[in-house]
Amino acid sequence: MKYFFLIVISVFLSSQDASAQLGGMRAYAGITTMTNQDANVNPEGQVYSGYHIGADGRLMSGTMSFLVGARYTSVSRIPQDGIQIFGHDSQVSILNGRVGLGYNIISFGELFKIRTKALGSFDLVIDTKGDPISVPGYQLNDGWLGAVTGLGFDIGPFILDVEYEFGILNAYFQQPDSKFNSLSVSAGFFF
C-alpha cells in the first residue's frame, strides 16, 4: 500500500495521453525541517531536520496548471536543537505524494516567473531506523495528510521553492494534536 501512490504516478506520467498534455517537469532537492504540534514529542525550540528529493509534473501549462508529483524525505526521528541534514542515528523516511494546482503570479516571459501552489500531500512512512521516540504511549502512524503552499521562483530553467506544509491528520496513533508541520527549501531544474 505504501508504494501504491508512487506506482499510480509513474503509470500516469508514462501514458501517452499524459505526455501529450505534460507542460513540464520539475526535479529538485533541498532541506526540510519539521515540527510537531505536540510538546510531548517536540520540545519548544527543537526541530526534526533532513533532506528531500523529488519531482513534480505540470499538466496544462499556462497561468494555472495541475501538479502531480512525488518526493522522498528523510528526517531525524527525534527532534534536535539545530538543523542536521545528514548522518542521523535515528531517522524516518517518508514518501510524499502531492497533487494540486500551481499558479503563475508574475511572469516576465520564459526568463523569470514567480509562482505559488496549493497542494494536498499524502505522507507515507516507508522506513524507520534507530531508536523510536522515548515518550510512552506514542506510536508513529503509517502516514498522515498535509496541505502545502509556498512561493516558487523560475529563472530560466532553474527553480527555487520555499514551501510550508500544514498537518491535517495526526502523526501519532490516538494522540490528538500530534500533527507535523514542515518548512522546506528546494532548488532544481525545470525541463
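Hi everyone, and thanks for coming. Before we start, please keep in mind that what you see above is a predicted model.

Let's begin with the overall layout. The protein chain holds two helices and eight strands. If you walk along from the N terminus, the order of elements is α-α-β-β-β-β-β-β-β-β. There are 191 residues in the protein chain, and 43% of them are buried. Now take the contacts with a separation of 6 or more: 64% of these are between residues 24 or more positions apart.

Next, the inside. In soluble globular proteins, nonpolar side chains tend to be buried together. Here, the largest nonpolar core has 13 residues. Which residues have the most contacts inside it? They are Met 34, Val 41, Tyr 48, Ile 133, Trp 144, Tyr 172 and Phe 180. Let's pick Val 41 and look around it. Setting aside neighbours within four places in sequence, Val 41 is in contact with Asn 36, Tyr 48, Pro 79, Ile 133, Val 135, Tyr 138 and Tyr 172.

Now for the charged residues. Side chains of opposite charge can pair when their charged atoms come close. How many salt bridges does the count come to? The count is eight, and I'd like to show you three of them.

Start with Arg 26 and Asp 154, whose side chains meet in a salt bridge at 3.7 Å, N to O. Arg 26 sits in strand E1, residues 22–36, and Asp 154 in strand E6, residues 143–155, so this pair ties together parts that are 128 residues apart in sequence. Are these two buried or exposed? Arg 26 has a relative accessible area of 5% and Asp 154 has 6%. Buried means under 20%, so Arg 26 is buried, and so is Asp 154.

Asp 154 has another partner: its side chain also meets that of Arg 115 in a salt bridge, at 2.7 Å, N to O. This pair links distant parts of the chain too, with Asp 154 in strand E6 and Arg 115 in strand E5, residues 112–129, 39 residues apart. Arg 115 counts as buried, at 4% relative accessibility.

Asp 56 is in strand E2, residues 48–59, and Arg 98 is in strand E4, residues 91–108, which puts them 42 residues apart. Asp 56 is buried at 4% relative accessibility, and Arg 98 is buried at 2%.

Salt bridges that share partners join Arg 26, Asp 56, Arg 71, Arg 98, Arg 115, Lys 117, Asp 154, Asp 161 and Glu 163 into one network.

Last stop: the surface. Leu 160, Val 162, Tyr 164, Phe 166, Ile 168, Leu 169, Leu 183 and Val 185 make a nonpolar surface patch of about 670 Å². Two elements give two or more residues to this patch, strand E7 (158–167) and strand E8 (180–190). Which one gives the most? That is E7, with four residues. Phe 166 lies in this strand E7, and with a relative accessible area of 43% Phe 166 is partly exposed.

Technical notes: Residues numbered from 1 in each chain as written. Predicted model: local features only at pLDDT ≥ 70, side-chain atom pairs only at ≥ 80, totals over all residues. Heavy atoms only, no water. Patch = residues over 30% accessible without salt bridge, like charges linked within 9 Å, V, L, I, M, F, W, Y side chains within 5 Å. Areas by Shrake-Rupley, 256 points an atom, 1.4 Å probe, with all protein chains shown as cover. Salt bridge = Lys/Arg side-chain N within 4 Å of Asp/Glu carboxyl O. Buried < 20%, exposed > 50% of the residue type's maximum accessible area, 1.4 Å probe, protein only. Core = buried A, V, L, I, M, F, W, Y, C linked by side-chain atoms within 4.5 Å. Contact = heavy atoms within 4.5 Å.
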